[in-house]
Every structure is written in structure tokens, then in C-alpha cells.
Amino acid sequence: MTATSQPNNIWDTTEYQFPRHGILSEKLKFLVGYAVLAPSIHNSQPWKFAVRESEIRVLADRTRQLNVADTDARELYVSVGCALENLLTAATYFGLRATVTYFPDPKDEVWVATVTFAEGGVSPSLADQERFHAITLRHTNRQTYANKPLTEHDIQRLGASVREEGVALQISDDTHVKLGVNALVVSADITQFADPHYREELNQWIERGTFGHRWLISRMGQLATTYLASHHKPVKPEADIVLNAPLLALISSTTDDRLSQVKAGQVFERIALQATTLNIGVQPLSQVIQVNSLKPELLRIFGASTTYAQMVFRLGYTDIATWETSRQPVDTVVTS
Ligand SMILES: Cc1cc2nc3c(=O)[nH]c(=O)nc-3n(C[C@H](O)[C@H](O)[C@H](O)COP(=O)(O)O)c2cc1C
């Protein structure tokens with residue numbers, strides 16, 4: 001595949017552009033176009049892909065770390081896990097057998113995984129196909145969700161996405177959980193925005209233009225809600241995105257090494273893709289994990305049996321279209 005065969009807007013990629021009759025490495029380059037559509041903290045896209053004849057090395061781009069919001073690069077690795085999940089989902093769809101070796105060199109944190117591919121994979125299941133089609137439709141949805149409980153069937157479909165050892169998903173519609181998480185969000189927002197280094201870093205990423213101005217508008221709206229709540233002022237009920245969310249979810253893990261972080265990212269992305277197929281919006285509320293002192297309370301609120309919080313997010317039905325965020329051109333993230 002040449003550099004020009006990918007669409008100008010990578011969100012417009014379609015399965016019909018797949019180089020079905022090309023050599024394996026051309027197919028692998030095409031898969032990278034799906035990997036980069038993954039969510040990432042602040043849309044930082046902290047990944048690189050070294051495409052070889054029959055393998056892709058998935059690399060962490062540590063130059064794109066958020067040194068203040070993500071001091072220990074935990075969310076950077078969660079983000080790389082999301083991209084890896086998209087890569088595997090697309091490979092399955094196109095009939096490629098993929099074998100993942102995580103952290104092939106234990107001394108090299110940058111080399112997250114080697115994925116080896118072969119022709120002749122099994123036919124994708126219906127769920128695999130649905131998740132593949134969701135890759136180009138998934139967007140973080142920061143709108144208020146419909147005030148309607150999720151059906152038991154849909155909750156089960158979301159829960160079925162979790163199959164990584166050592167990673168757990170907790171989903172709750174309990175008012176006490178919502179009240180508890182809401183208090184943590186308020187506290188985390190206040191702590192973070194009081195820190196000039198945090199504001200400076202956020203500003204730098206906003207200036208890069210990766211979020212788009214609409215992100216800023218929705219974030220400002222949410223901060224206004226936080227401000228009012230922290231001053232015990234009345235808030236319009238629908239403006240309160242946490243209390244108003246039909247469901248809150250927590251992904252946690254038994255260990256907090258790089259492997260668990262990557263796997264937590266894979267689980268999160270699988271849920272996000274599954275949610276997209278069910279018209280369910282997803283928005284992470286990462287501030288409560290970014291402020292270290294709040295983590296134990298978060299785990300307690302969810303009654304989590306595993307020890308490390310990796311992703312907390314809200315979920316709910318939505319028919320409100322949301323927007324595409326920009327991506328680095330695929331050629332710039334493919335390395336030799
Ligand atoms: C590890 C991680 C943490 C994130 N934290 C937040 C968050 O706290 N609030 C939020 O609104 N979005 C959060 N996001 C979503 C990103 O901002 C979003 O993925 C990115 O801007 C790209 O947009 P898209 O998901 O619509 O493609 C997070 C995503 C990841 C992977």
C-alpha cells in the first residue's frame with residue numbers, strides 16, 4: 001500500500017480499501033489506519049507501529065506523555081492498549097490470525113507488543129464484525145445521556161467484553177455510587193485546576209488543536225457544574241453528567257504493571273466499541289484516578305475486589321451525534 005491509498009480523513013476508511021490481493025505487509029499497514037482511531041488520553045496518540053513482513057511492533061511514544069496529568073505514564077499505556085485492541089479487531093475482521101507477545105523485551109518499556117499475523121484466520125463472529133464496524137463510528141461522547149436505564153441484555157453484552165485475566169469490570173446504577181463518584185469528580189477538578197502546571201500542560205495540548213474547540217466548550221460546561229456544586233449552588237439536574245448518567249463503570253486490575261495497564265486499555269476499547277454498536281455513549285472521568293489521593297475512595301465506592309483503578313467512565317443511551325477528533329497521519333506513526 002502506498003502512502004496515498006489511505007483516505008485523507010482516516011475516519012473515512014472503509015473495508016473496501018483493504019488491499020485484499022496485496023502482500024501481507026501491505027495489509028498490515030492498512031490495519032494501522034484502524035489502530036490510530038482508538039481513544040487516548042487528551043487525544044495524545046502516544047503510539048508508533050513498526051510494520052515488518054508479517055508482524056507489527058506496537059511501541060509507546062513516550063515523547064507524547066502528559067507529564068503532569070499522567071505522571072507515571074499509566075494512562076499512556078492504557079491508551080496504547082486501546083490502539084492494540086483496534087488493531088486486533090481489524091485483523092480478525094479481515095481474516096488474519098494474530099498472535100500477541102506482550103513486552104517481548106522485559107527491559108524495554110517502549111516495546112509494548114509484537115503482533116504476528118498469518119493468513120487463514122477463523123471467520124469473525126457477528127460480535128467481532130459489529131465491533132469492527134464500530135471502530136470508525138466510536139467517539140467519546142461528552143453530552144448528557146438519555147435518562148433511561150440500560151436493558152439487562154445490553155449490560156450483559158458490555159460485561160461480556162471483559163476477558164482479560166487480572167482485569168475486572170464493575171458497572172453500577174446505584175445512587176450512592178453516583179453520589180460518591182460525583183463528589184470525587186468535583187474534588188479532582190478543584191485539585192487539578194488549582195495546579196498551574198496542570199493548567200499549563202492542558203493549555204499546551206489545547207493549542208496543539210488535537211481536542212478541537214468543542215471539547216473545550218463541553219469541559220468548561222462541566223467545570224461550571226463542578227464550581228456550582230462545590231459552592232452548594234443549585235445545578236440544573238441535566239447538567240450534572242455524573243449524577244444523571246444511567247451507569248457508571250470501573251475497570252480495575254490486580255496489579256499495576258505495564259501489562260495490566262495495556263490490558264485494561266484493551267478492555268476499555270472493547271467496551272467502547274460494543275457500546276457504540278448499542279447506541280450507548282461512553283465518557284471517561286479520569287480526573288478521579290489522576291489525583292492519587294482519591295483512588296482508595298474510588299475503589300471503596302465501587303466495592304472493587306481488585307486493587308488498582310485503571311478507568312472510570314459513565315455510560316448511557318444517546319442518539320446525539322458527536323464529532324470526529326483529529327489524528328496524526330498514519331505515515332507519521334509507522335516507523336521502520
Ligand atoms: C486513558 C484515557 C483517559 C481519558 N480521560 C478522559 C477524561 O477524563 N475525560 C474525557 O472527557 N475524555 C477522556 N478520554 C477520552 C479522550 O479525550 C479521547 O479519546 C480523545 O480526545 C480522542 O477522541 P475520541 O475518543 O472521540 O476519538 C480519555 C481517553 C483515554 C484512552
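In the predicted model, the side chain of Arg327 reaches the backbone oxygen of Val36 at a distance of 2.5 Å. Arg327 is placed in the loop that runs between strand S8 (308-317) and helix H11 (330-333), and its side chain is also joined to that of Thr325 by a polar contact of 2.8 Å. Although Arg327 is buried, it has no salt bridge, the nearest side chain of opposite charge being that of Glu269, which is 7.9 Å away. When residues up to four places away in sequence are not counted, Arg327 touches Ile10, Trp11, Val36, Leu37, Ala38, Pro39, Asn43, Gln45 and Arg138.

The domain assignment divides the protein chain into domain 1, comprising residues 3-139 + 325-335, and domain 2, comprising residues 152-317. The C-alpha centres of domain 1 and domain 2 are 24 Å apart, and the contact between them involves 38 residues of domain 1 and 34 residues of domain 2. About 3100 Å² of area is buried between domain 1 and domain 2, with carbon and sulfur atoms giving 59% of it. On the side of domain 1, the residues that lose the most area to domain 2 are His42, Arg74 and Arg131, which together account for 23% of what that side buries.

Polar and charged pairs are also found across the interface of domain 1 and domain 2, where there are 14 residue pairs in polar contact and four salt bridges. Helix H2 (74-93) and helix H3 (126-134) each supply at least two residues of the side of domain 1 that touches domain 2; of the contributions to this side, that of H2 is the greatest, at 11 residues. A salt bridge is also formed by Arg157 and Glu130, whose closest N and O atoms are 2.9 Å apart.

In the structure as a whole, 12 salt bridges are found. One of the pairs that meet in a salt bridge consists of Arg270 and Glu85, with an N to O distance of 2.8 Å between their side chains. Because Arg270 lies in helix H8 (residues 258-277) and Glu85 in helix H2, this pair ties together parts that are 185 residues apart in sequence. Both partners fall under the 20% limit of relative accessible area that defines a buried residue, Arg270 having a value of 2% and Glu85 a value of 5%. Through salt bridges that share partners, Glu85, Glu164, Lys263 and Arg270 are joined into one network. Apart from neighbours within four places in sequence, Lys263 is in contact with Tyr102, Glu164 and Val167.

The side chains of Arg57 and Glu55 meet in a salt bridge with an N to O distance of 3.1 Å, and Arg57, at 24% relative accessibility, counts as partly exposed.

A further position considered is Ala224, which is located in helix H7 (residues 213-230) and is partly exposed, with a relative accessible area of 39%. Ala224 and Gln192 are separated by 32 residues in sequence, and their C-alpha atoms are 14 Å apart in space.

Notes:
Residues numbered from 1 in each chain as written. Predicted model: local features only at pLDDT ≥ 70, side-chain atom pairs only at ≥ 80, totals over all residues. Heavy atoms only, no water. Helix = DSSP H or I, 4+ residues; strand = E, 2+ residues; numbered from the N terminus. Buried < 20%, exposed > 50% of the residue type's maximum accessible area, 1.4 Å probe, protein only. Lys, Arg positive; Asp, Glu negative; His and termini not counted. Polar contact = N/O pair within 3.5 Å; in protein donor to acceptor, adjacent residues only side chain to side chain. Contact = heavy atoms within 4.5 Å. Domains from an automatic or database assignment. Buried area = accessible area lost by both parts, 1.4 Å probe.
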